[in-house]
Amino acid sequence: MGSCWEGIDESRLLIAPVPGANGDGSARFLSLRHPKSGVRTSYLLCNRLLQELHWFKQPYGSWFLGDYVSEDGSLYTATPIDPVFIMLPLFEDARMKKGDDPGKFRQLDEILFVNDYPGYQQLFSIAKDCMEIVCESKEIGSTKFFRLDDKKVFAWLHYKVCQLKQTLPALDQNYAAREEKDTLADSVSILGEYLKDDPWLKLLCDHFKLNLPEAKRIAADIEVCPSAIESPVSSSNFSQGKNPSEKKTGRNVKQAKKVKVETESRNIKEMFTRASRRRN
């Protein structure tokens with residue numbers, strides 16, 4: 001559904017879930033670090049599901065919003081992303097691993113406290129529910145402590161690769177015609193858009209005997225919308241040992257133009273206005 005938010009002089013069109021349709025009725029923009037680049041990036045938390053924002057614009061175009069014409073024909077879309085990707089760098093840093101030492105257990109509120117990024121605090125309940133899939137946990141009294149576990153992270157990533165490898169051929173005939181090894185490389189490179197090269201992407205490439213620079217080059221060429229790198233539901237399926245075929249990914253193939261992730265999220269709210277209030 002298209003939505004408009006109050007802002008300043010211009011309007012932007014956002015396609016996103018309706019707050020309250022299947023959740024708690026809340027929706028807010030969060031400014032978080034991109035899990036691979038660390039760049040400040042916009043995300044939408046709606047109905048307790050984390051969504052990443054994408055931007056697409058044709059050379060010429062405009063939108064009719066009610067009886068108002070938006071001269072800017074760009075389109076923003078919000079698609080689900082597994083929050084484990086977003087929080088993986090935080091949990092990696094928090095354990096303070098050195099050499100063979102597995103690192104420290106930390107409280108969740110400590111891990112999610114990041115200077116200049118209060119948005120992470122909004123993910124507390126989500127992190128509490130989903131991060132055990134890649135963490136060890138201990139309880140002392142009523143307090144729970146978490147520590148990232150390399151074996152659990154690798155098992156989770158391996159599952160993601162297998163799930164994408166199975167799904168890609170069903171999305172487009174070009175994928176269906178590719179060699180199995182090429183589809184595997186595509187799957188790893190797509191995940192690599194959300195993973196730091198060291199250690200996680202390198203770990204996957206070593207395991208599947210792929211060349212890391214080549215996998216990164218493929219990622220730059222792939223015109224697959226970086227949507228729904230698996231929603232939280234997929235993490236639940238993994239933890240319960242369900243067959244990957246029982247869950248379809250939300251990834252869409254885009255042939256015309258690659259979707260871009262919107263950055264500089266501090267200004268996102270200023271880009272929206274309620275179109276019905278602007279009548280000429």
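Helix α1, residues 83-94, has twelve residues and spans 17 Å from its first C-alpha to its last, close to the 16 Å expected at 1.5 Å a residue. Helices here are DSSP runs of H or I with at least four residues, strands are runs of E with at least two, and both are numbered from the N terminus. The expected span is 1.5 Å times one less than the number of residues in the helix. The model is a predicted one, in which local features need pLDDT of at least 70 and side-chain atom pairs count only at pLDDT 80 or more, while totals for chains, interfaces and linings use all residues. Residues are numbered from 1 along each chain as its sequence is written, and side-chain values use heavy atoms, with hydrogens and water left out.

The chain has nine helices and twelve strands. Of its 280 residues, 45% are buried, where buried means under 20% relative accessible area, exposed means over 50%, and partly exposed lies in between, with a 1.4 Å probe and protein chains only. Among contacts in the chain with a separation of 6 or more, 67% are between residues 24 or more positions apart; a contact means heavy atoms within 4.5 Å.

Back at α1, the helix is mostly covered, with ten of its twelve residues buried. The buried set consists of P83, V84, F85, I86, M87, L88, P89, L90, F91 and A94. At the start of α1, a side-chain oxygen of D82 comes to within 3.0 Å of the backbone nitrogen of V84. After the helix comes M96, which has a positive phi, near 55°.

The next helix to consider is α4, residues 150-171. With 22 residues, α4 reaches 31 Å from its first C-alpha to its last, close to the 32 Å expected at 1.5 Å a residue. D149 caps the N-terminal end of α4, with a side-chain oxygen 3.0 Å from the backbone nitrogen of K151. Buried residues of α4 include V153, W156, L157 and Y159.

Two packed helices are described by the angle between their axes and the distance between the axes. Axes are lines fitted to C-alpha atoms, for helices over the stretch in contact, and angles run from 0 to 180 degrees between N-to-C directions. α1 and α4 pack at about 150°, with their axes 13 Å apart. V84, F85 and L88 of α1 make this contact with V153, W156, L157 and K160 of α4. By class, the contact has six nonpolar residues, no polar ones and one charged.

α4 also packs against helix α7, residues 197-207, at an angle of about 65° and with the axes 11 Å apart. Here D150, V153, F154, L157, H158 and V161 in α4 meet W200, L203, L204 and H207 in α7. This contact has seven nonpolar, two polar and one charged residues.

T41 is found in strand β4, residues 40-46, and counts as buried because its relative accessibility is 1%. The side chain of T41 reaches the backbone oxygen of V39 at 2.8 Å. L65 lies in strand β6, residues 63-65, and its relative accessibility of 13% is why L65 counts as buried. L65 and S11 are 54 residues apart along the chain, and their C-alpha atoms are separated by 9.3 Å.

Definitions and conventions: Polar contact = N/O pair within 3.5 Å; in protein donor to acceptor, adjacent residues only side chain to side chain. Nonpolar A, V, L, I, M, F, W, Y, C, P; charged D, E, K, R; others polar.
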